[in-house]
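Welcome! Here are a few exercises to work through with the sequence and the 3D view side by side.

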Amino acid sequence: MGIKFTVDERGGYYEAKFLKDCSDEDLLTVYKSFIQGDKWQPGLNELIDISDLTSPDLGAPGLISL
């Protein structure tokens, strides 16, 4: 999938690292899976790393839906 999540419990945040290929569909599917999983906790801050993102398939519609 197009996003990898890492949780830093001591720091109180999670990192969402966007991989090269990330589409609007990936964005919703992967975030939903992460939030429904056992690692996400309400109140965690989020750090977003888009330094490797090269996909033109991620756009405003996906971000708005999220």
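Buried means under 20% relative accessible area, exposed over 50%, and partly exposed in between (1.4 Å probe, protein chains only). This is a predicted model, in which local features need pLDDT of at least 70 and side-chain atom pairs count only at pLDDT 80 or more, while totals for chains, interfaces and linings use all residues. Residues are numbered from 1 along each chain as its sequence is written, and side-chain values use heavy atoms, with hydrogens and water left out.

**Exercise 1. Trace the salt bridges of Lys17.**

Step 1: Look for a side-chain nitrogen of Lys or Arg within 4 Å of a carboxyl oxygen of Asp or Glu, which is what a salt bridge means here. The structure has 2 of these salt bridges.

Step 2: Lys17 pairs with Asp49, with their closest N and O atoms 3.1 Å apart. Lys17 sits in strand 2 (residues 13–18) and Asp49 in strand 3 (residues 45–49), so this pair ties together parts 32 residues apart in sequence.

Step 3: Lys17 also forms a salt bridge with Asp52, at 3.0 Å from N to O. Asp52 belongs to the loop between strand 3 and helix 2 (60–65), so this pair with Lys17 in strand 2 ties together parts 35 residues apart in sequence.

Step 4: Through shared partners, Lys17, Asp49 and Asp52 join into one network.

**Exercise 2. Describe the surroundings of Asp24.**

Step 1: Locate Asp24 in helix 1 (residues 24–36).

Step 2: List its contacts (heavy atoms within 4.5 Å). Leaving out residues up to four places away in sequence, Asp24 touches Asp57, Leu58, Gly59, Pro61 and Gly62.

Step 3: Check for a partner of opposite charge, counting Lys and Arg as positive and Asp and Glu as negative, with His and the chain ends not counted. Asp24 is buried yet has no salt bridge, and the nearest side chain of opposite charge, Lys32, is 17 Å away.

Note on methods: Helix = DSSP H or I, 4+ residues; strand = E, 2+ residues; numbered from the N terminus.
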